[in-house]
Structures are given as structure tokens and as C-alpha cells.
Amino acid sequence: MRRSTLVVGLAILAAILAGSVAWYLTPMPNPDGQAFTVSKSNAPPVSVGGPFELTAHTGEAVTDKSFGDKYLLIFFGYTFCPDVCPTTLNDVAVALDSIGMRADLVQPLFITVDPARDTPEVLADYVTAFYPSILGLTGTPEQIAQVAKAYRAYYAKADPKTEDTEFYLMDHSVMLYLMSPEGQLLTLFSHTASPEDIAKGLMKYLPQPTS
Amino acid sequence: MKRFLCALALWALSGMAQNAWAHDYTLGDIAIGHPWARASIGQAKAGAAYLTLSNDGAETDRLIAVETPAAKKAEIHTHSMENGVMKMRPVEAAEIPPGAPVMFQPGGLHVMLMGLKAPLVEGERFPLILIFEKAGRIEVMVAVQPATSAEPVMEHKHGS
């Protein structure tokens, strides 16, 4: 009796262990539905985020340390993207509009995966059309590769052999990242998240404004 | 006075509704439902046009080419999601089988407009030429909706 209890116990333990190992090894990001959450307390060390040096659409040099105590809401995309990128940026704008003063705690960042075409001037024109505080970020190909790697964002030319410099397409991750002011990943939103889902996610993590 | 204002409001509303209401075309067995596009943002060089194609005939037809004076280049594109990565690819043709409407919509099939010659301005329309293998060629007008539209105005098809 005791032995069987022990066996069952061990089996359960093994299953839990296997489960957590599988979860840990699951490549990120892969949610297909709504926002999902990486819990802060016992989260496995899925490292997302890190230092970066980029150029803002204003022409200013920025790093991950430039935003003080703001929460970062980060999206990777490109302006020659007629569909998913504008949809997501618009969803972000609607979500921020709906959370009142908490929106002041958020710095939305649109990081281009297409620095060749997305110069600061092109980005300035684009991002400010969606929401005044969105900052478009570009950089050298190396800087973009570095920040994408830190955030585990994938991007590549749709046709790597193309010689077209005007109309080429980019494949890219379409996750929206919410990072704490300390640089921890708080949650990810998939591209199917509605503005309401994003607003709900923000409300969950943003502190009540004090003033 | 009240009655007058009421009538005025109704008149304005009906005008707006007419403006925004879906516009449709037919070419042989092919019906083309409400071609629309989002207004472009700033100097953005890319745009997308959406529409619905249905086939009332007995045989499958194919949309084999698209042309527009609004852009340097127009192509039929589709989207696919793989492991959180969005991929957009040109397709050679869009099959339109009888009785199964093909939706060109955000996140899916679309007419990709590359190298916009001028910004797409909300409320305006631009010509788009559709070339079908069997039905032939037709010019339709694409209605430019707000940049934030997720679907054709006045056609509420949530969650389809």
C-alpha cells in the first residue's frame, strides 16, 4: 500500500517535472490566442529583453535605459506592411486611450525590422499617425539584429535572394511585449489580441497612478 | 423647427448611409463585393485592397492579375502565421470556386499595393482592375475607409 502510494507520488512528481521541462523548452513566443502571462515569482528563466542601442524617429539615440520608470510596450514591424503592423499599432492606440492616466506610465516602442527603408524620417511620419507617444526605433542592421535577438523576435526578408530594394517584404514576429521598468517581461499579447485584451493586460500590470 | 431638424438629420443620415453602403459589381458569373482599402499613413508606400469574390457559375474561375493606377505595382498576396511569425507572400492566382465566396480581408488574402503614387485618402475612391481567367477584365472603384478600419464599413461580419 505504502509502496504503491510512493510509486504514484513519484509518477506525479515525474509528470510535473516533465511538464515544467517541456514548458521551459517550449520555444517562445508561441501563443495563438489571447495574452498569456509569465508569472514573476517562480517563472523559469525565459530570458526576453536586454540592453539595446537604437535611434528614435526624433533622431535621438536611445537605449533600454532611456525610459526611466516607464513600462515598455514593444512591437517589431516595418512600415511597408499594409496590414498587421497598422492593425497592431492601432490596437495599441485604442487600448492606451481606454486606460486613462495609466497610459502615461507606458512607453510604446515600434522597432523596425527593416532599417534599410525605415529611416527615422519614414518612422516619424508613420508612428505618430497612430498615437502621439509611440516612438519609432531604427538602427544599423547590427543594432536591429541585436535587439531582435534579445527579444527573441524573428525577422527575415521574405525572399532572401531578392534584388528589389523598394518592394521587398519582411517576415516578422507579431508579438506585443509588455516589459516592466526593470526590464522584466510581464506579458505578451498575440496579434489576435483585441484592444480590450491589451487594455486588460495593461490594467493588470500597471500600478494605480498616485498623483 | 424640430420637425425640420429631424428631417435634415434623416436626410444627412441617409446620405451617409448611401455613401458608406457596400458597392457591388458583377462580371459574367463573378460578383465583386465592396472593394475597400484603408487610408494610408503619412508617406507609407504600401497599401492593401480588400473585396469579396463570388462565383455564380458552374466552373471555378481564377483571379489572375490586378492592376491599378494608384500604385507602381499591384499583386495578389496572402498572409500566413507560423510560430508567431507573420509571412506575406504573393500568390499567382486566387481560385474562385462556385458557391464559395473568397474573402480578401485584413490578415488574409489582399491586393497588395506597392509604391503608392499618392496617399490613399479617407472618403476617396481609386480604380482597381481585376483580371479573371474566364470572366475577363473589370474596373472597380475601391472605397478608402479610415486607416483604423478592420472591416468594410456597414458590413458587420465580426469574428468570421
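This is a predicted model: local features need pLDDT of at least 70, side-chain atom pairs count only at pLDDT 80 or more; totals for chains, interfaces and linings use all residues.
**View 1. Packing of helices α2 and α5 within chain A.** Helix α2 of chain A, residues 84-97, packs against helix α5 of chain A, residues 195-205, at an angle of about 55 degrees and with the two axes 8 Å apart. Because of that angle, α2(A) counts as oblique to α5(A), and the crossing of the two helices is right-handed. On the side of α2(A) the contact is made by D91(A), V92(A), V94(A) and A95(A), whereas α5(A) contributes P195(A), I198(A), A199(A) and L202(A).

**View 2. The side of chain A that touches chain B.** The contact between the chains draws 25 residues from chain A and 27 residues from chain B. Within chain A, at least two residues of this side are supplied by each of α2, α3 (residues 120-127) and β8 (residues 170-173), and the largest share, four residues, comes from α2(A). The residues that chain A presents to chain B divide into 14 nonpolar, seven polar and four charged.

**View 3. Strand pairing between β8 of chain A and β6 of chain B.** Strand β8(A) pairs with strand β6 of chain B, residues 85-90, in the antiparallel sense, and the pairing runs over two bridges. In this pairing S173(A) stands opposite V85(B), a residue of β6(B). Strand β8(A) is also one of the elements that each supply at least two residues of the side of chain A that touches chain B.

Conventions
Residues are numbered from 1 along each chain as its sequence is written. Chains are lettered from A and ligands numbered from 1 in the order in which they are written. Axes are lines fitted to C-alpha atoms, for helices over the stretch in contact, and angles run from 0 to 180 degrees between N-to-C directions. Angles under 35 degrees count as roughly parallel, over 145 as roughly antiparallel, 65 to 115 as roughly perpendicular and the rest as oblique. A crossing is left-handed if the near helix is turned anticlockwise from the far one by less than a right angle, and right-handed if clockwise. Two residues are in contact if their C-beta atoms, placed from the backbone, lie within 7 Å. Ala, Val, Leu, Ile, Met, Phe, Trp, Tyr, Cys and Pro count as nonpolar, Asp, Glu, Lys and Arg as charged, and the others, Gly among them, as polar. Two strands pair if DSSP finds at least two bridges between them.
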